[in-house]
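Try each one yourself before reading on.

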Amino acid sequence: MSTDAKSPILEVRDLGVEFFVDGEWFPAAQDVSYDVRPGEVLAIVGESGSGKTQTSMSLLGLLPTNGRASGSARLAGRELLGLSHKQLSKVRGKDVAVIFQEPMTALNPVYTIGFQIVETLRVHFDISPKAARAKAIELLRMVDLPDPEKSVDKYPHQLSGGQRQRAMIAQALACEPKLLIADEPTTALDVTVQAEILKLMRDLRHRVDAGIILITHDMGVVADLSDRVMVMKSGRVVEAGTADEVFNRPQHAYTRQLLAAVPHLGSMSTPATVAEAGSVVEPVETTPAGELALEANGLVIEYPARGRVPAFRAIKGLDLHIGKGEVVGLVGESGSGKTTVGRAAVGLLPVADGSLKVNGVEMAGIKPKALRAVRQDVSIVFQDPGSSLNPRLPIGESIGEPLKLHRVAEGADLNKRVEALLDHVQLPRAMRNRYPHELSGGQRQRVGIARALALEPRLLIADEPTSALDVSVQARVLELFQELQREYGFACLFISHDLAVVEILSRRIAVMSKGDLVEVGPREQILHHPREDYTRRLLAAVPVPDPAEQKLRREERDRLLATV
């Protein structure tokens, strides 16, 4: 039976969500209506603040204390809105389960993952501890967690990001719910782990026949997994239809704008340009001519031993060069050593062996006074500006802090420079007195970029600066980044697991795996004619915002993995 022929498991009609702020009720979502059938994936997409998460959380009574929901939401004919806390506790986990965006904060850090799954089972079923543990191991095996008999006794911090997400999915599926709400389930994962989680969710939807609500801003994930798509903007549904209709025949201007903002792997280069360049077969020259902003030769970085934990060699003899004014993309899976290279370049990690020169200065064994001078010419933009900006300082002070510390400017001159930097990153000058928590994610990232550019560095390390942003905000930040790079002319090591973003910004791409540099070359060669199998698997794992093309890419990835 097709999903369209089945009766809806969830029927939402005229759902509204409001929040009480400063004596007034403000609407977060209005007139939201949709159905979800067993075995169907409904993707709800839109920018941050569009209401997609709050509408789904309202179904389970998980709104903040100042929130309220109206309308109707019927699960298998039973009205959810208006249920008491005690009644909802019987629904949560058993009939409706949630996979949260960040498993590290959703899982309890003081209990093993096995204990947390067992607890879920014993709350809803009359089952012995021994049988519940056996069921927990079976669930961990179903989500392909390695060595489930041992993993069941591990704590969340002992698992990788992808493994934690699998453990959370196992807990969500413990009671075989009728409805699964997946809130940005792959946002923090690298492309290969993301592809594995998507494959797992595709398999599970048929195995457990649950309806799935997928909340995401990643249109590649939507193309990979969804049957139907609902687009939200400013709390309202602006478009709904099948995945094919929304991707190939969008009706609303906002949907077209959203799709246009998505970086599409291969959009900046084609196999033809590689052939014209003659770099298909011939090895390419990977060392830029002229002055180098970064020069690593046989670079080794180690994390020292701590107690019983032995020393860990994160970088195992890296050779990488970045020319003056050049942008090089550094890609690879989590744990490949990308961020370690960036942190070593700004002196946050010591060089264990080999050579690392930044703007001609040797970083191996560098003294604190010399490092202070180096840091005037090298800056870093962190992945999460919310945690890298001082929450107690207004953003104007955060941006001006490097200028004060290096005694470059003070007083009226400092104010003038801070205002100029705000202008450069397209933020109103009036925002200088706001605190980080008062800004959106995209605005905080602009502040991080402004702060990094305060001293006009010759080398900028950008560590996953757009991974947590909506596609439209990401597109604006990438445009801004390109404008600033042209204006300031800084060299950049752009660290990311998003190959489509790296393609837009970089002329050369370096690929890392487990502390080794796998290959380096012009973006056309790396993206269209990679020489290493690892790079081919990495490229095949990138989801693209086109359901038909994504199906072909998925089949190609399965074929590549079968040959490993």
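Q: Which residue of strand 7 does Val98 stand opposite?
A: In this predicted model, strand 6, which covers residues 96–99, pairs with strand 7 in the parallel sense over four bridges. Val98 falls within that range of strand 6, and the residue standing opposite Val98 in strand 7 is Ile181.

Q: Which residue of strand 8 is the bridge partner of Ala182?
A: Strand 7 also pairs with strand 8, residues 211–216, in the parallel sense, and this pairing runs over five bridges. Strands of a sheet pair through backbone hydrogen bonds, either parallel or antiparallel. In strand 8, the bridge partner of Ala182 is Leu214.

Q: What is the arc within which the buried residues of helix 11 fall, seen down its axis?
A: The buried residues in helix 11, which spans residues 253–260, are Tyr254, Thr255, Leu258 and Leu259. Seen down the axis of helix 11, these buried residues line one face of the helix, because they fall within an arc of 135°.

Q: Which strands do the buried residues of helix 11 pack against?
A: An α-helix has 3.6 residues a turn, so residues three or four places apart point the same way. The buried residues of helix 11 pack against several helices, namely helix 9 (219–225), helix 10 (243–248) and helix 19 (471–488). The strands that they pack against are strand 3 (41–45), strand 9 (228–233) and strand 10 (236–242).

Q: Which residue of strand 4 stands opposite Val17?
A: Strand 1, residues 10–21, pairs with strand 4 in the antiparallel sense, over eight bridges. Val17 lies within the range of strand 1, and the residue that stands opposite Val17 in strand 4 is Ala69.

Q: What is the phi of Ala76, found in the loop between strand 4 and strand 5?
A: The loop that holds Ala76 runs between strand 4 (67–75) and strand 5 (78–79). Ala76 is a residue other than glycine, yet its phi is positive, with a value near 50°.

Q: Is Lys514 buried or exposed?
A: Lys514 lies in the loop between strand 19 (508–513) and strand 20 (516–522), and it has a positive phi of about 50° although it is not a glycine. Because its relative accessibility is 64% and a residue over 50% counts as exposed, Lys514 is exposed.

Q: Which residue lies 9.1 Å from Gly515, C-alpha to C-alpha, and 175 residues away along the chain?
A: Gly515 is found in the loop between strand 19 and strand 20, and Gly515 is buried, with a relative accessible area of 0%. Not counting residues up to four places away in sequence, Gly515 touches Ala314, Ile315, Lys316 and Ser336. The residue whose C-alpha atom is separated from that of Gly515 by 9.1 Å is Thr340.

Q: What is the area of the nonpolar surface patch that includes Tyr111?
A: Tyr111 is found in the loop between helix 3 (103–106) and helix 4 (113–124), and it counts as partly exposed because its relative accessibility is 36%. Together with Val110 and Phe115, Tyr111 makes a nonpolar surface patch of about 290 Å².

Notes. Residues numbered from 1 in each chain as written. Predicted model: local features only at pLDDT ≥ 70, side-chain atom pairs only at ≥ 80, totals over all residues. Heavy atoms only, no water. Patch = residues over 30% accessible without salt bridge, like charges linked within 9 Å, V, L, I, M, F, W, Y side chains within 5 Å. Areas by Shrake-Rupley, 256 points an atom, 1.4 Å probe, with all protein chains shown as cover. Salt bridge = Lys/Arg side-chain N within 4 Å of Asp/Glu carboxyl O. Helix = DSSP H or I, 4+ residues; strand = E, 2+ residues; numbered from the N terminus. Buried < 20%, exposed > 50% of the residue type's maximum accessible area, 1.4 Å probe, protein only. Pairing = 2+ DSSP bridges. Arc of directions from axis to C-beta. Contact = heavy atoms within 4.5 Å.
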